[in-house]
Structures are given as C-alpha cells and as structure tokens.
Amino acid sequence: MDCTEYRRLINELLDNEITERDEIDLFDHIKMCENCKIYMVNMNKLKLTIKSSFENNKKEVDLSHSIMSQISKSQPKKVLHIKKSYNILYKIASIVVILSLPLLFSSFSKKETKVSKDDTRDMVLEHLENSQNKNVTNIAYVIEK
Amino acid sequence: MSEIVLIDKVLNGDASAFEFLILKYQKNIYGTVFNIVKEDELTKDIVQESFLKAYENLNSLRSREQFYPWLKKIAINLSLIKLDRNKRYVDMYRDDKEEDDFFFNNQTDESNPEQELLTEELRRYVRKFVDSLPEKLRRVIILREVEDLSYEEIASILNIPVGTVRSRLFNARQIIKDRLLRQGLADGLYRVS
C-alpha cells in the first residue's frame with residue numbers, strides 16, 4: 001500500500017470509521033513514515049478548525065412563539081397517541097353503559113310489577129274459590145274489568 | 001423537567017410542553033440549518049418547519065432519548081430539499097461588514113493576542129474555502145465535521161453509497177488543505193507534508 005492509500009485510512013481513523021485491521025496497518029506505517037505522521041497532525045487540525053469555524057453560526061433566535069401559534073392553529077390532529085385513542089374508546093363505552101342503565105332498570109321493574117299483579121289476582125281467586133263466595137268473585141271481576 | 005417527560009406530555013395532548021423543546025433546541029437547529037443554506041430568513045423558515053414536522057410526527061419517534069438527533073435529521077433533510085428546490089443559494093458567507101464584526105467580536109482575552117488573531121484569520125479562510133467547495137463536497141464536509149454525522153448517516157441522508165461519502169470527504173479536505181497552503185496559512189498553524 002502506498003502513502004495515498006494510508007492517507008485515506010488516516011481520514012477514516014480521524015472520523016472513527018476505520019476497521020480494526022486497517023488501524024493496526026496504519027499505525028505500523030506511521031511509525032516509519034514521517035510525512036504521513038505530519039499529514040495526520042494536519043488533518044486533525046483541519047478538522048478541528050472547520051468545526052470551530054462554523055460553531056459561531058448559532059444565532060440567538062426565538063421562534064418559539066411563532067411555532068407554537070402555528071401548532072395551536074393546526075390543532076393536535078395527528079399527535080394522538082394510541083393510549084389516547086383507547087381512552088376515548090373507554091369514555092364512549094362508559095357513556096353508552098350509563099345511558100342504557102335506566103332502560104334496563106325500567107324493563108326489569110315493569111316485568112316485576114306484572115308478575116306481582118298476576119300473583120295477587122291468582123291469590124285472590126284462589127281465596128274466593130276456597131270461601132265459595134261467588135258474588136264477591138263476580139264483583140271482583142267487574143271491578144277488574 | 002426531563003425531555004422524556006416533556007415528550008410524553010405532548011403525546012398525551014399537552015401541546016404547550018413542546019415549547020420547552022423548542023426553547024432548548026432552536027439555537028442548535030438554527031446553526032445546523034444555517035450551515036447548509038447560509039441564508040437567515042430561509043434558515044428561520046426551515047427551523048420552524050422542522051419543529052412543526054417533529055410535532056406532527058412525534059408519535060413515530062422510536063426512542064424518546066433520541067429526540068434531538070431525530071429533530072436534527074429532519075432539519076438537515078428539509079434544508080437539503082429547500083436548497084435543491086429554491087436554488088436561491090448564493091456562494092457567499094456574509095458581506096464584508098458582517099465579517100468585520102465577526103472578526104472583532106470574537107477576540108478573546110488570550111494571553112497571546114497575535115496567535116488568537118492568526119487563529120481567527122485561519123477560521124475565516126477555512127469557512128470561505130468550505131463554502132466555495134462544489135456543493136456535493138460542501139454538504140458532506142458540513143454533515144461530517146460540523147454535525148458529527150457518521151458515514152452511514154450521511155450516505156442515508158444524501159442517498160449515496162458510503163464509499164462515495166468517504167471519497168468526497170477525502171477530496172474536500174485535500175482541496176481545503178491545498179488552498180490553505182496556497183494562501184500561505186501553513187506557517188506555524190499548519191505543517192507541510
């Protein structure tokens with residue numbers, strides 16, 4: 001491998017992208033090659049200089065107000081987490097159950113009333129038959145009709 | 001309040017929590033975008049769009065600890081798209097007045113002011129040389145040196161093979177190095193090899 005190839009490896013080394021095998025190869029070469037050693041020092045310095053040259057571009061800006069007003073305009077349509085969707089489903093189900101409770105109660109109570117009326121009538125008829133008082137029975141039927 | 005808590009709050013419908021994330025990262029995102037598009041107004045537009053996009057797609061963020069790298073990638077992608085679409089990009093960093101301001105504002109209390117001035121001069125030239133690189137080389141050098149992205153990340157963002165990233169970085173550095181040498185900025189700061 002010539003110096004051009006090793007210089008490519010130096011770039012990879014400084015970028016932390018070199019393979020272990022190439023790294024060993026490169027260090028063996030650098031021990032013997034002063035020019036590549038200087039190249040490595042220079043490249044490292046260049047990388048640091050490029051980074052520091054562009055770091056001053058961080059300007060003091062405050063766009064938070066403008067971004068937040070756009071967010072409030074757009075409404076969080078898409079920012080609905082799955083959990084939130086489940087919460088809404090639970091809420092709807094609860095409302096349906098609560099609304100249906102009076103209906104269930106009323107149907108039960110109607111049934112109960114009907115049964116109790118029938119039972120009472122049977123009881124009265126049985127009693128009247130036992131006492132053999134037909135006049136009273138007829139009167140009872142008239143009243144009921 | 002931790003970032004993860006803030007993200008949870010936003011996901012649970014508390015949009016106001018997102019403002020903390022904007023306040024925390026807007027300066028860094030501005031710097032990242034400006035390094036790519038080099039235009040103040042366009043940068044502000046892209047920063048806003050990046051945050052809005054992040055807000056709308058927050059539920060697709062896999063790891064909440066990775067919010068900033070994720071946001072940065074959104075901003076870089078938008079910058080590259082806008083740059084290609086608008087073609088408004090002017091190959092100049094700042095006008096002379098701004099450069100002068102920059103030059104004096106950044107003087108420090110170093111014990112060796114001459115050395116500091118020389119370093120500032122070197123930075124100024126490096127920035128100019130980076131900005132005057134062919135666009136495809138400039139993009140990889142900014143993403144690698146300034147944004148610390150890996151070869152693989154750069155390849156993915158620019159949609160090019162990793163080998164191309166490697167060779168573009170190598171070529172870009174060679175060009176900058178050669179220009180610095182021609183400019184006579186090697187002495188003391190930069191050893192000739």
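Author: A salt bridge is a side-chain nitrogen of Lys or Arg within 4 Å of a carboxyl oxygen of Asp or Glu. The model discussed here is predicted.

Reader: Which side chain of chain B meets A:D15 in a salt bridge?

Author: The pair is held to the cut-off of 4 Å between nitrogen and carboxyl oxygen. Here the N to O distance is 3.3 Å, so the pair passes the rule. The partner of A:D15 is B:R144.

Reader: How many salt bridges does the rule find across the interface of chain B and chain A?

Author: The pair A:D15 and B:R144 joins the two chains by a salt bridge. Across the whole interface of chain B and chain A, the rule gives a count of 5.

Reader: Which element gives the most residues to the side of chain B that touches chain A?

Author: Elements giving two or more residues to this side include α1 (3-11), α2 (18-37) and α9 (162-182) of chain B. The top contribution is 11 residues, and it comes from α2(B).

Reader: How much area do chain B and chain A bury between them?

Author: The size of an interface is often given as the accessible area lost when the parts come together. In this model, 60 residues of chain B are in contact with 42 residues of chain A. Carbon and sulfur atoms hold 59% of the buried area, and the total is about 4,900 Å².

Reader: How many helices and how many strands does chain B have?

Author: From the N terminus on, the elements of chain B run α-α-α-α-α-α-α-α-α. The count for chain B is therefore 9 helices and 0 strands.

Terms used: Residues numbered from 1 in each chain as written. Chains lettered and ligands numbered in written order. Predicted model: local features only at pLDDT ≥ 70, side-chain atom pairs only at ≥ 80, totals over all residues. Heavy atoms only, no water. Contact = heavy atoms within 4.5 Å. Buried area = accessible area lost by both parts, 1.4 Å probe. Helix = DSSP H or I, 4+ residues; strand = E, 2+ residues; numbered from the N terminus.
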